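Here is a short briefing on one structure. The points are grouped by topic, for reading alongside the 3D view.

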Amino acid sequence: MNQPVKITNHLPTAELQALDAAHHMHPFTDNSALAKKGARIMKSAKGVWLTDTEGHKIIDGMAGLWCVNIGYGRKELADAASSQMLELAYYNTFFQTSHIPAIALAAKIAEVAPEGMNHIFFAGSGSEANDTNIRMVRRYWDIKGQPEKRVIIARKNGYHGSTMGGGSLGGMSGIHAHGGKIAGITHIGEPNWWEQGGDMTPEDFGLMRAQELEKAILEIGVENVAAFIGEPIQGAGGVIVPPSTYWPEIQRIVDKYGILLIADEVITGFGRTGNWFGSTTFGIKPHIMTIAKGLSSGYQPIGGSIVCDEVAEVMGSSGDFNHGYTYSGHPVAAAVALENIRIMQDEGIIDHVRNVAHPYLMQKWQGLTEHPMVGEARLVGLMGSIALTPDKASRAKFAAETGTVGYKCRERCFANDLIMRHVGDRMIISPPLVITPEEIDILIERAWKSIDECYTAVK
Ligand code: PLP
């Protein structure tokens, strides 16, 4: 037995770090390296600003993990949680029961979702929702008398979560290497023109990548294919904005072969791309959309699948769907998500993204390409990336002995009180949607300084 520990808000950082290292296993982290270094410990937050236990004020260019869309510290959400806990802290939605927050939230999501997408199956997270999707599309084809349609086609370097199902849908070899991958999922290439497009135009490359879907369907046999899944913009893969030709061609192929289309909107949903959903931004017509993160602005863990009328009708036509989570539609999470959407609507947060934050950030973000180490800069809504390169014209990669320049740059950002993530040598941002032009100025100033310090170090 360990000694009893009394944690207060006033323990020195070093003691908190020691306890963290001794007992807390962090996700997606080299825990022994972290134990040597000590975690940076966040204490409080307001708007786009985090404060750590050392009193640093850090601008959060990632909205947590792409989720705190309405910004930190909104009392209305705390009040919604507290009154719901007192009213009905928990009840389930299994076995013919329901409750008011789940009903209200489902109806509200149907209101903001694209036309014909009126049904919501709740989960606790994006990964869980994607596990639901695997089972739902397979069950859909069972009911329609085509049980052999089980294969789901996804993309290399896509990210769909890290449960067994979500991790298998994702196309990240590092995830598959730890625990394996379930059967019946195939990956095609990603529409990453900057790194993989060679001499092709972005448009031709986008078409070529989309046509890999048709090739895969023909190879596997359409009679065996249930669905295709993709993020409108790959987020965790590095904010890879597909060429303009990509999604229309995917849509043509999906329509031609009559397979289901799942748009994973866990990041792109709830305003991130300047519309309620990324599918609207890219003109995609999915049968199912995965949601989480911005649904509650990260204030409560909640996710789900928004399902189109036809799929919901089939699913409802043949008895039970033997699937669900204890916390599907959790009343406190649902009440908080509902309040989050109310705030987004009442405060015109998507209009702010479209009319204020995106145009202002776009101009400044593009300005970063004046730096000798910054190649392309992409931004859709408030989701962006820049490519670091030793040579812009050839879109070259850094020499292996230079190490991961993105990681070094991220470390400089951290030291300069800016949270910006890296994926390889791509730096990515996804700030709270409420960010103001003044805050964008600070973000850009710190980003430039960090890139420049990194440039000096690797030159
Ligand atoms: N899908 C996408 C597109 C994501 O970006 C993520 C998380 O980043 C997930 C699914 C998994 O969501 P969660 O971490 O809530 O399980």
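Helix α15 (residues 349-367) lies across β11 and β12. Its direction runs at about 170° to β11. The model is predicted.

- Four strands make up an open sheet, ordered β11-β12-β15-β14. The pairing is antiparallel.
- β11 (374-380) and β14 (421-423) are the edge strands, and each pairs on one side only.
- From one strand to the next, the twist averages 25°.
- β11 and strand β12 (residues 383-388) run antiparallel and are joined by five bridges.
- Within this pair, I386 in β12 stands opposite A377.
- Helix α16 (residues 405-415) also packs on the sheet. It touches β12, β14 and β15 (426-429).
- The direction of α16 makes about 180° with that of β14.

**Helix α17 with α15**

- The axes of α15 and helix α17 (residues 437-458) come within 10 Å. They cross at roughly 25°.
- Angles under 35 degrees count as roughly parallel, so α15 is roughly parallel to α17.
- The crossing of α15 and α17 is right-handed.
- On the α15 side, the contact uses V356, A357, Y360, L361 and K364. On the α17 side, these meet P437, I440 and I444.
- By class, the contact of α15 with α17 holds seven nonpolar residues, no polar ones and one charged residue.

**Helix α17 with α16**

- α16 and α17 pack with their axes 8 Å apart, at an angle of about 130°.
- This angle makes α16 oblique to α17.
- The crossing of α16 with α17 is right-handed.
- α16 contributes V405, K408, C409, R412 and C413 to the contact.
- α17 contributes R446, A447, S450, I451, E453, C454, A457 and V458.
- The contact of α16 with α17 has eight nonpolar residues, one polar and four charged.

**Helix α4 with α14**

- The axes of helix α4 (residues 75-88) and helix α14 (residues 331-346) come within 8 Å. Their crossing angle is roughly 150°.
- The crossing of α4 and α14 is right-handed.
- From α4, the contact residues are E76, L77, A80, A81, Q84, M85 and L88.
- From α14, they are P331, V332, A335, V336, E339, N340 and I343.
- The residues of this contact divide into 10 nonpolar, two polar and two charged.

**The sheet with β1 and β13**

- Another open sheet has four strands in the order β1-β2-β3-β13. Its pairing is mixed.
- Its edge strands are β1 (42-46) and β13 (418-419), and each pairs on one side only.
- Strand β2 (residues 49-52) and β3 run antiparallel, joined by three bridges.
- W49 has I59 in β3 as its bridge partner.
- β2 and β3 form a hairpin, with four residues between them. In the turn, G55 has a positive phi of about 85°.
- Strand β3 (residues 57-60) pairs with β13 in the parallel sense, over two bridges.
- In β13, L418 is the bridge partner of I59, and I419 is the bridge partner of D60.
- I59 therefore has a bridge partner in each of two strands: W49 in β2 and L418 in β13.

**The ligand shell**

- Which residues come nearest to the ligand? Of the 18 residues around it, they are S125, G126, S127, G161 and V266.
- Helix α6 (residues 126-143) gives the largest share of the shell, three residues.
- The shell residues divide into six nonpolar, 10 polar and two charged.

Conventions. Residues are numbered from 1 along each chain as its sequence is written. This is a predicted model: local features need pLDDT of at least 70, side-chain atom pairs count only at pLDDT 80 or more; totals for chains, interfaces and linings use all residues. Axes are lines fitted to C-alpha atoms, for helices over the stretch in contact, and angles run from 0 to 180 degrees between N-to-C directions. A crossing is left-handed if the near helix is turned anticlockwise from the far one by less than a right angle, and right-handed if clockwise. Two residues are in contact if their C-beta atoms, placed from the backbone, lie within 7 Å. Ala, Val, Leu, Ile, Met, Phe, Trp, Tyr, Cys and Pro count as nonpolar, Asp, Glu, Lys and Arg as charged, and the others, Gly among them, as polar. A residue is near a molecule or strand if its C-beta atom, placed from the backbone, lies within 6 Å of it. Angles under 35 degrees count as roughly parallel, over 145 as roughly antiparallel, 65 to 115 as roughly perpendicular and the rest as oblique.
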